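Here is a short tour for anyone about to work with this chain. Have the sequence and the coordinates open as you read.

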Amino acid sequence: MRKNPLNQGIIMENAAGIGTVATKMVEARARELARINGRGSKPTEADYQQAKRELTGEAETDPQEENVESVPESEGWDSVPGSSGRQAAESLGEDEDAEGRSESARMFEEGINEAEHDQMRRAAEAEQKSDERES
């Protein structure tokens, strides 16, 4: 499928396309869209635009996105004119503590502490046995 160079519709390759999109076709589809949307046979400008997009294969655009794109970049996002803003607080991950350590880092640290404690306990026991032998 490719766009007709005269911008009059879609030319289908290896398929039977609808040919040139006539104004009558857009009108009929717009009326159909109005009926579908509960407005009888009184299409709105949006119905005409949608009908044309559907029949010509133009990409559908979101009205809000279209409004944003129509605003000059110099007038873009500025919630409070003159505001310099501020740095947002860094949020912790699900498994991070107040110091930013993950659960695995906390478990690793806990293991190290237990190993040190165990070594100190064994050293104290060995020293106590040594003292008992000397006495």
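This is a predicted model: local features need pLDDT of at least 70, side-chain atom pairs count only at pLDDT 80 or more; totals for chains, interfaces and linings use all residues.

The chain has a mean pLDDT of 75, and 61% of its residues reach 70 or more.

Where does pLDDT stay under 50? That is the case over residues 1-15. For this stretch the model has 23 contacts beyond four places in sequence, so please read those contacts with the pLDDT, the predictor's confidence in each residue, in mind.

## Overall layout

The chain contains two strands and four helices, and along the sequence they come in the pattern β-β-α-α-α-α.

How much of the chain is buried? Of its 135 residues, 10% are buried. If you take the contacts between residues at least 6 apart in sequence, 22% of them join residues at least 24 apart.

## Helix H1

H1 spans residues 23-36, which makes 14 residues. From its first C-alpha to its last it reaches 20 Å, close to the 20 Å expected at 1.5 Å a residue.

Which residues of H1 are buried? They are Val26, Ala30, Leu33 and Ala34. These residues lie on the same side of H1 because they cover an arc of only 100 degrees around the axis. The general rule behind such a pattern is that an α-helix has 3.6 residues a turn, so residues three or four places apart point the same way. On the other side of H1 you will find Lys24 and Ile36, both exposed.

H2 is included in what covers the buried residues of H1. After H1 comes Gly38, with a positive phi near 75 degrees.

## Helix H2

The helix that helps to cover H1's buried residues runs over residues 45-56 and has twelve residues. H2 reaches 16 Å from its first C-alpha to its last, close to the 16 Å expected at 1.5 Å a residue.

What is buried in H2? The list holds Asp47, Ala51, Arg53, Leu55 and Thr56.

Notes: Residues are numbered from 1 along each chain as its sequence is written. Side-chain values use heavy atoms; hydrogens and water are left out. pLDDT is the predictor's confidence in each residue, from 0 to 100. Contact means heavy atoms within 4.5 Å. Buried means under 20% relative accessible area, exposed over 50%, partly exposed in between (1.4 Å probe, protein chains only). The expected span of a helix is 1.5 Å times one less than its number of residues. The arc is that of the directions from the helix axis to the C-beta atoms.
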